[in-house]
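Visitor: I'd like to learn how to read sheets and helix packing in a model. Could you walk me through one?

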Amino acid sequence: MINKVKGTYDVLPNESYKWQYLEQKIREITKKYNFKEIRTPIMEYSGVIHRETELSDMVTKETYNFIDKGNREVTLRPEGTAGVIRSYVENKLYAQNDLIKAYYIEAMFRYERPQKGRYRQFMQFGIEAIGSKSPLLDAEVIAMSSDFISSLGLKNVVIELNSIGDVDSRMKYQEALINYLTPFKEELSFDSKERLIKNPLRILDSKDSKDQEIVKNAPKPIDYLSDESKKYFEDVIKYLEAFNIVYQVNNTLVRGLDYYSEIVFEVKAQIEGFGAQNVLGGGGRYENLVSELGGPKTSAIGVAFGMERLLLALEYENVLPNEEDNLDVFVITFGENEKIYGTKILNGLRNKGLTVDIEFDNKSFKAQLKKAINKNAKVLVIVGEDEVKNNTVTIKNTKTEKQVTVENQKIYETIKNELENLKWEHIIIMNWQLKMLAKM
Ligand code: AMP
């Protein structure tokens, strides 16, 4: 047996409904905020991902790179933004519209140490709003993130927000940070020693406890913001308040990806024992990526959520609905003739829009019945010798156990009635349970 690739996972047929549920919620929220889906290839030429200016750990160490047969360097995308921007530029989307609001639901690939909630292939739901630098747009993306989390029924999720300022503010801040950190150089973790030269801001969100201790007293980006950046941050907050969004300013927040400037934010759950996985998503504004990839000088803001983490949080908080039983009819037949007759019935019912299944092998009545019950079929269609002879079928409601034999023309109508009754019965039972609960 050959196992799955390390750090990957299978979504099995009895679990896929969870993914479909999450995807449906994504489609609903993006529709509400008027974002349209974009689908880009899973691989890009490495230059799209490994740009000259890129400094972050993620992109340098953690990607799947290969040379294709045409001797081109290709990288499996580790995040969605670079590919979306490559597509925005290549397709000249800026010429179609001054603002593009796009979202994606796609697999990402990062060669990192797999652990719970951290995979080498994982799914992200991300959105990008490209073409405008407006504090209202920042607030819109953050509001949508918050609304999305609420629509999933997750509670105790906070939006943490910070400004790392424009390029000038960042440069000044970086200098101050290097000055502060240099005396601690020998005490920093191996990765942070490297970051001190390449991307000191990243040391602020190091997971190493010694690093965390050292950065506690480090200068904060907020104290180095230019007047424009300060004003921008304040304006974003004003709009967030207009959207009625609950947020917390976190002065130490920076994001792992290196292209951010001005606003950065994270969506954090507060589930005990969840640790770093509490970061469900994060994003920020980026100002140079579009021009770096050959497009016009234009600004954008985006966010990405880890979908495995969202599902884990939903399960943990018990807000994931159960799979709906959708098998309307199971056809049970005896013998070869009956199977052909049963197939015609099955085909007719499917064409009317019902979900119908049948036993494919030759099995006893008992075995077929057991299977139908296991699959939670609502109605059984039973075809025996008599039914074939008389052009009828026997219909059994699995919940009420009511059984009738009807003529061929009446099959659909009878089943439809039984399914309707089941709906009512379900509601009656629910009401009855609610009344019982009210009395308790
Ligand atoms: P990032 O693109 O690093 O800002 O990550 C955005 C979100 O994607 C994170 O908050 C996580 O929820 C998720 N994520 C990042 N890396 C992984 C991974 N290796 N496995 C699963 N989820 C991930």
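This is a predicted model: local features need pLDDT of at least 70, side-chain atom pairs count only at pLDDT 80 or more; totals for chains, interfaces and linings use all residues.

Visitor: In what order do the eight strands of the open sheet come?

Guide: Some ground rules: helices (H or I, at least four residues) and strands (E, at least two) are DSSP runs, numbered from the N terminus. Two strands pair if DSSP finds at least two bridges between them. Here the order is 1-5-6-11-10-9-7-8, and the pairing is mixed. Strand 1 (36-37) and strand 8 (247-249) are the edge strands, each pairing on one side only.

Visitor: How many bridges join strand 5 to strand 6?

Guide: Strand 5 (residues 100-109) and strand 6 (residues 121-130) run antiparallel and are joined by 10 bridges. Lysine 101, for instance, stands opposite alanine 129 in strand 6. Strand 6 also pairs with strand 11 in the antiparallel sense, over seven bridges; there, isoleucine 130 has alanine 300 as its bridge partner.

Visitor: Is strand 6 enclosed or open?

Guide: In a regular strand the side chains alternate between the two faces of the sheet. As for strand 6, nine of its 10 residues are buried, so it is largely enclosed by the rest of the structure. Buried means under 20% relative accessible area, with exposed over 50% and partly exposed in between (1.4 Å probe, protein chains only).

Visitor: Which strands does helix 6 lie across?

Guide: Helix 6 lies across strand 5, strand 6, strand 7 (158-163), strand 9 (260-268), strand 10 (279-286) and strand 11 (300-306), running at about 15° to strand 11. Axes are lines fitted to C-alpha atoms, for helices over the stretch in contact, and angles run from 0 to 180 degrees between N-to-C directions.

Visitor: How are two packed helices described?

Guide: By the angle between their axes and the distance between the axes. Helix 1 (residues 16-32) and helix 6 (residues 135-151) pack at about 140°, their axes 10 Å apart. That makes helix 1 oblique to helix 6: under 35 degrees counts as roughly parallel, over 145 as roughly antiparallel, 65 to 115 as roughly perpendicular and the rest as oblique.

Visitor: Which residues of helix 1 and helix 6 meet?

Guide: Leu22, Lys25, Ile26, Ile29 and Lys32 in helix 1 meet Met144, Asp147, Phe148 and Ser151 in helix 6. Contact means heavy atoms within 4.5 Å.

Visitor: At what angle do helix 6 and helix 10 cross?

Guide: Roughly 50°, and the axes of helix 6 and helix 10 (residues 227-242) come within 8 Å. Helix 6 and helix 10 are therefore oblique to each other.

Visitor: Now the five-stranded sheet: which strands stand at the edges?

Guide: This open sheet has the order 13-12-14-15-16, again with mixed pairing. Strand 13 (356-358) and strand 16 (403-407) stand at the edges with a single partner strand each, so one side of each is left without a neighbour in the sheet. Strand 15 (residues 392-397) pairs with strand 16 in the antiparallel sense over five bridges, and valine 393 stands opposite valine 406 in strand 16.

How values were computed: Residues are numbered from 1 along each chain as its sequence is written. Side-chain values use heavy atoms; hydrogens and water are left out.
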